[in-house]
Each structure stands twice: as C-alpha cells, then as structure tokens.
Amino acid sequence: MNGQTTLADLVIAFFDLVEAEGRELRRQVGRAGIALGLIAVAALLLLAALVTAGWAIYAWLQPLLGAPLAALAVSALLLAFAGLALWLAARRLQ
C-alpha cells in the first residue's frame, strides 16, 4: 500500500477493538462475580459468628439474670451493634 488508511482498514480496526473490549469485559465480570460470591460467604460466616457470640453471651448471662432478662440483654446488645453498623454505612454514603 501507499501509506493511506482505507475505510476497510478502519472498520477492521474498529471490530478488533470491540472484540478486545468484549473479552476484557467478560474477564472483569467474571472477577466481579467471584468477588461477590466471596463477599456472600464472608457475610454468612459473620452471621454465624454473631449468632454464636450472642448465644455465648446469653449462656453467660442466664444464671445471673434469668432467661428472659438475659435474652433481652443480648438482643439489646445486638440491636446496638446493628444500629452502629447502619449509622456507619449512612455516614459512608454521604
């Protein structure tokens, strides 16, 4: 060729770019999916840890306060932690 770019060259280059971007998009979506799956697993493990901790605190308080008051104390504690988490999340979004 004489150094000029033809319309066909531009169209081929454009579709090569679209193909490369599509591959990159697929790769990034796969990575995001794996990350979201790991976040879900971590959230479930955190929930299990909170339930276990709540049960342990209840078992510790029950002989001291009785079953109803121990349950109330544990639920108030967990409610306070949930409120703190929501407050922190709201501050992050501002």
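Student: Why is Ile 57 counted as partly exposed?

Tutor: Ile 57 has a relative accessibility of 29%, and since buried means under 20% relative accessible area and exposed means over 50%, with partly exposed in between (1.4 Å probe, protein chains only), Ile 57 counts as partly exposed. This is a predicted model, in which local features need pLDDT of at least 70 and side-chain atom pairs count only at pLDDT 80 or more, while totals for chains, interfaces and linings use all residues. Residues are numbered from 1 along each chain as its sequence is written, and side-chain values use heavy atoms, with hydrogens and water left out.

Student: Where does Ile 57 lie, and how far is Ile 57 from Arg 92 in space?

Tutor: Ile 57 belongs to helix 1, where a helix is a DSSP run of H or I of at least four residues, a strand is a run of E of at least two, and both are numbered from the N terminus. Ile 57 and Arg 92 are separated by 35 residues in sequence and by 30 Å from C-alpha to C-alpha. The chain has 2 helices and 0 strands.

Student: How do you know that the chain is more spread out than a compact globule?

Tutor: The radius of gyration, taken over C-alpha atoms, is set against a globule rule of 2.2 Å times the number of residues to the power 0.38. For 94 residues that rule gives 12 Å, and the chain has 28 Å, well over that value, so the chain is more spread out than a compact globule. Along the principal axes, the C-alpha atoms fill a box of roughly 95 × 25 × 15 Å, and buried residues make up 4% of the 94 residues.

Student: What makes the contact between Glu 19 and Arg 23 a salt bridge?

Tutor: A salt bridge requires a side-chain nitrogen of Lys or Arg within 4 Å of a carboxyl oxygen of Asp or Glu, and the side chains of Glu 19 and Arg 23 meet at 3.1 Å, N to O. Both residues lie in helix 1, 4 residues apart, which is about one turn of the helix. Glu 19, at 46% relative accessibility, is partly exposed.

Student: How many salt bridges does this rule give, and with which residue does Glu 24 form one?

Tutor: The count comes to 2 salt bridges, and Glu 24 pairs with Arg 27, their closest N and O atoms being 2.9 Å apart. Because they are 3 residues apart in helix 1, about one helical turn separates Glu 24 from Arg 27. Glu 24 is partly exposed at 32% relative accessible area, as is Arg 27 at 42%.

Student: What makes Phe 81 part of a nonpolar patch on the surface?

Tutor: A patch takes residues with over 30% relative accessible area and no salt bridge, joining like charges within 9 Å and nonpolar side chains (Val, Leu, Ile, Met, Phe, Trp, Tyr) within 5 Å. Phe 81 has a relative accessible area of 49%, and Phe 81 is listed in the patch with residues including Leu 46, Leu 50 and Trp 87. Helix 1 (7-65) and helix 2 (67-93) each give two or more residues to the patch, and helix 2, in which Phe 81 lies, gives the most, with 6 residues.

Methods. Accessible areas come from the Shrake-Rupley method with a 1.4 Å probe; for residues, only the protein chains shown count as cover.
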